[in-house]
Amino acid sequence: MTIESTTSAVKGGVAKRFAALFVAAATLLAGGVFSVSAAPSALADDAETNVALNAEKGNDNAPDVQVSYVTGWNSTAAINDDSLDGNASYGGWGTWGNTSASETATYTWNRAVTTSKSVGYYWTNVKTGDGGVPLPKDVSIEYLNADSGQYETVPNLKVDKTFPADDELDATNPVYGPYTYTFDQVTTKSMKLVVNKKANDNKGITVTEWQVFGTSAALPVDPGDPGAFLDVQQVAVRTTPGVDPTSKLPAEVWATPQDGPSIKVPVTWETVPADAYATAGTTAEVKGTTAAGTYDNIKVAAGQATATIGVYDQLNTEVTDAEYVSTITAPGVKPVLQDTVALTYADGSVESGHKVTWDSIPAAEYAEAEQVGFVEGSIEGVGNIKAEGTFFVVAPSDPKAQPIVAIDFDSAAPGSGWYTTAPKFTITAQRGVSTVPIKTIEYKIGKGEWTSGKGPISVTAQGSVTISARATDENDNSREVSQTIKVDTNVPVVTAKQESKNGNDVVVSLTADDGAAGSGVTRVLYSTGPSSNPKSNENTMWGTYTDEDKVKVQLSADHDTYVHFYAQDAAGNESDYANINLGKGEAVTPTPTPSVDSVAVSGDGVKDGKLALVAGDTAQLSAEVKVTGDAAKTVAWKSSDAKVATVDKDGKVTAVAEGTATITATSTVDENKSASVEVTVTKPEAPVPPATDEERKPLADKIAAVESEKLNQNDYTADSWKAYADALAAAKQVVKDPAATAPQVTAALNKLTAAHDGLAKKDSGEKPEPQKPGQQKPGQNQKPDQQQKNATTTAPTGSAVAAVAAAVVVLGAAGAGLVIWRKRRA
């Protein structure tokens, strides 16, 4: 006896009874074969059935799941557990860390499924995590073609939408779907989801759920003993805690024999233990045995019945539903439906044994085989709900009917479709709708002889192998079935050959063979390095070998170099690791890798990385590039602001307008090596107008005055005379220059005056006395006594005369400056 803590068990038992009888009737109508679907998916519309659900979800044809790769923290089982929890198992079946262009998940069913629709949900952490698992690039769906034995893309495959770009992803939800794939209907025992990645890298993909909608087909049913029942009424009683429900158990139950109609048979129940009705909210099952005998002229064997006891604090009286009743009958035999039904109450409890009176059924509705009829009835004491029933008209068992025979393997083929270990098969034979016993069961492998036996039998043949089975009954009715499988239990063989050697550069070719009956080599992988251990981290990562590229290795003089390799075939077999030792290479002086060490910029006017220019000016910059090896020393010039300063390809800078710009020289070999100069451009100063004649006159007068003295160079020291001669020459140049400005005239006058006053005679060091034009020398045109007077007064008054002359010059210069100042003010 089983005690459960839910009232759903009561309703479930009633529902199962109708389903069982419906299946049995359909079996008889269809000659012993019918279709059973898996439980509806919580993620799909109620009208659709997800045949990919796992067995825990009630799928009696749950598929075996094989994947190309699964990360340790993910789960293969998550792909068909009917859950979209993006946090569970890190989102579902995931492949992070596997370097490949695509990943595959394969469903393989024991019984074929028929489908034209699939749905996928996918997980990504691009916006919710570290971005290691992007969405796929695209997805394809393949099915195992029973005729060719190969996986092929489902015909006319379409998908309702494409995957979003990374910038379109939701930062709060990592699961994307549903993606609905539709295609022309296929019937198959295996389907493959091919998920193509955006890049051939170790970033994985994650499939949260892969659903396949359709029906499972061809489940053979053996009616068993002809005297056994197709169906027995399921009994449900209600009670309250502590109240023994034994008195409510019926003395008879309705049962449906092989060919109908339904009859009442006595039943003996097990003793109901006290704990079965001790606690409210629990249910318990009690087994009963129906008595063998002849009832209504129908001979039946003993059978089993089940009663469900529900315990409730109080018994609800509001009826919400009535049991749906079904039965079978033979052509022309009036259907007999059970005269009681089970009622469902508002609290979900169920109780059987309520009397029903069925409406009359016209004879025409059960006159011929394969008719199906519907009938209503009135339930005693229930006015608002009618009882409903269905009857199936089934032809009597055919003694010429063929047996049902099936081949069952000990395991489903892996996702590749190939068995990599020798499978074993068992043959089952059933009478189907016939009552004639089975006489022989035989099998045949390939083109071999028929052999008696039902297994288990091991298949050691390789390649595509056809298994045939045959069952024959005592009337020599026989049925033969066959199934083709693919077997490859042998690993591929890889051979390595050194193709060439040029110095330390070696090329190695790899050749793999999987045998004539093998599944075929899919790829050869290799790794190179100094370690003889193929799993050593000293060696390179494993890569896929191609005949175009081969294996290219550069030997080292310091150690041996190994090429490790192995092969995989389509069945999933892998060869053992093998290697070839290429030995040591020759010692070679390394050639420095050409590189740029530094870049420096210099040029006229550049100081501390800065250059000042006036708009319109130009400057030539040059770049010094220091390199290692034979790297190019060329640079590319660039200005940060061409509106301020431009630079050409040769480093010539042209100042354009006031502002600051950075001129940068960047190595054409290494863009990370560069140098810059900060260029500051200022406006040009406003031009000064030429001096006027009035402004030039003081300088011209000064020149005339000093020249009139007719000074002799030999009378003066060399230094003082040179200063005087230079100042006089410069003054003459300024006077003659029409572009000379007033400041330039004044500067020349001051310089000439200072040089003239600074003349020093060789003998005494005295400076010449300045003499105004027209002034007489001492004694000139004077009387003798006046000359004498002058002679006696010259010495004491000489310095005074010189001072007066200097004052005159200064006043003259000041006057000239005043004239210039006034003209400028004007």
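**Close-up 1. The salt bridge between Lys 610 and Glu 678.** In this predicted model, the side chains of Lys 610 and Glu 678 meet in a salt bridge at 3.2 Å, N to O, where a salt bridge is a side-chain nitrogen of Lys or Arg within 4 Å of a carboxyl oxygen of Asp or Glu. Because Lys 610 lies in strand S41 (residues 610–614) and Glu 678 in strand S47 (residues 674–682), the pair ties together parts that are 68 residues apart in sequence; helices (H or I, at least four residues) and strands (E, at least two) are DSSP runs, numbered from the N terminus. Lys 610 counts as partly exposed at 45% relative accessibility, and Glu 678 is also partly exposed, with a relative accessible area of 31%; buried means under 20% relative accessible area, exposed over 50%, and partly exposed in between, with a 1.4 Å probe and protein chains only. Residues are numbered from 1 along each chain as its sequence is written, and side-chain values use heavy atoms, with hydrogens and water left out. As this is a predicted model, local features need pLDDT of at least 70 and side-chain atom pairs count only at pLDDT 80 or more, while totals for chains, interfaces and linings use all residues.

**Close-up 2. Further salt bridges in the structure.** The structure holds 17 salt bridges, among them one between the side chains of Lys 683 and Glu 658, at 3.9 Å, N to O. This pair links distant parts of the chain, with Lys 683 in the loop between S47 and helix H2 (693–708) and Glu 658 in the loop between S45 and S46, 25 residues apart. Both Lys 683 and Glu 658 are exposed. Another salt bridge joins the side chains of Lys 287 and Glu 285 at 3.8 Å, N to O, where Lys 287 is partly exposed at 36% relative accessibility and Glu 285 is partly exposed with a relative accessible area of 30%.

**Close-up 3. The aromatic pair of Tyr 107 and Trp 210.** A search of the whole structure finds 14 aromatic pairs, which are rings of Phe, Tyr and Trp (its six-membered ring) with centres within 6.5 Å, counted as stacked when the planes are under 30 degrees apart, as edge-to-face when over 60, and as tilted for the rest. One of these, Tyr 107 with Trp 210, is stacked, at 4.2 Å centre to centre and 10° between the planes. The pair links distant parts of the chain, since Tyr 107 is in strand S5 (residues 102–123) and Trp 210 in strand S10 (residues 206–220), 103 residues apart. Tyr 107 counts as buried at 0% relative accessibility, and Trp 210 counts as buried at 0% as well.

**Close-up 4. The aromatic pair of Phe 425 and Tyr 443.** The rings of Phe 425 and Tyr 443 have their centres 5.6 Å apart and their planes at 75°, so the pair is edge-to-face. Phe 425 sits in strand S27 (residues 424–430) and Tyr 443 in strand S28 (residues 438–445), 18 residues apart, so that distant parts of the chain are linked.
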